[in-house]
Amino acid sequence: WCNSLTPVRPHYMPITRRGALAAGAHRGWQGLRRRIKHDERLLAWAKGLRATWLRLGGKGSTGPE
């Protein structure tokens with residue numbers, strides 16, 4: 001256990017074209033997540049979208065029906 005925080009950043013070294021596509025997609029996804037988390041309006045929208053998704057999937061109920 002450690003009480004100090006160490007910043008960690010992902011580094012990619014794709015070897016194949018398929019790996020380059022996967023690394024690019026992952027970088028894009030992480031950038032989108034970062035942007036949503038730092039913008040209050042986008043974060044509220046994402047939370048609402050997630051709540052709707054869970055409700056439609058039946059996982060948003062609070063108790064037995």
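1. The largest pocket of this predicted model holds about 160 Å³ of space, where a pocket is an open set of points on a 1 Å grid over the protein atoms alone, reached by a 1.4 Å probe, with protein on both sides within 12 Å along at least five of seven lines. Its lining, counted as residues with an atom within 4 Å of a point, consists of Arg9, Pro10, His11, Tyr12, Arg27, Gln30, Gly31 and Arg34.

2. Local features need pLDDT of at least 70 and side-chain atom pairs 80 or more, while totals for chains, interfaces and linings use all residues. Residues are numbered from 1 along each chain as its sequence is written, and side-chain values use heavy atoms, leaving out hydrogens and water.

3. Helix H2 covers residues 40–56, and because its 17 residues at 1.5 Å each should span 24 Å, the 24 Å between its end C-alpha atoms agrees with expectation. Just after H2, glycine 58 adopts a positive phi of about 85°.

4. Of the 65 residues in the protein, 3% are buried, meaning under 20% relative accessible area with a 1.4 Å probe and protein chains only.

How values were computed
Grid points are joined across faces, edges and corners, and a volume is the space filled by probe spheres set on the points. Helices (H or I, at least four residues) and strands (E, at least two) are DSSP runs, numbered from the N terminus. The expected span of a helix is 1.5 Å times one less than its number of residues. Buried means under 20% relative accessible area, exposed over 50%, partly exposed in between (1.4 Å probe, protein chains only).
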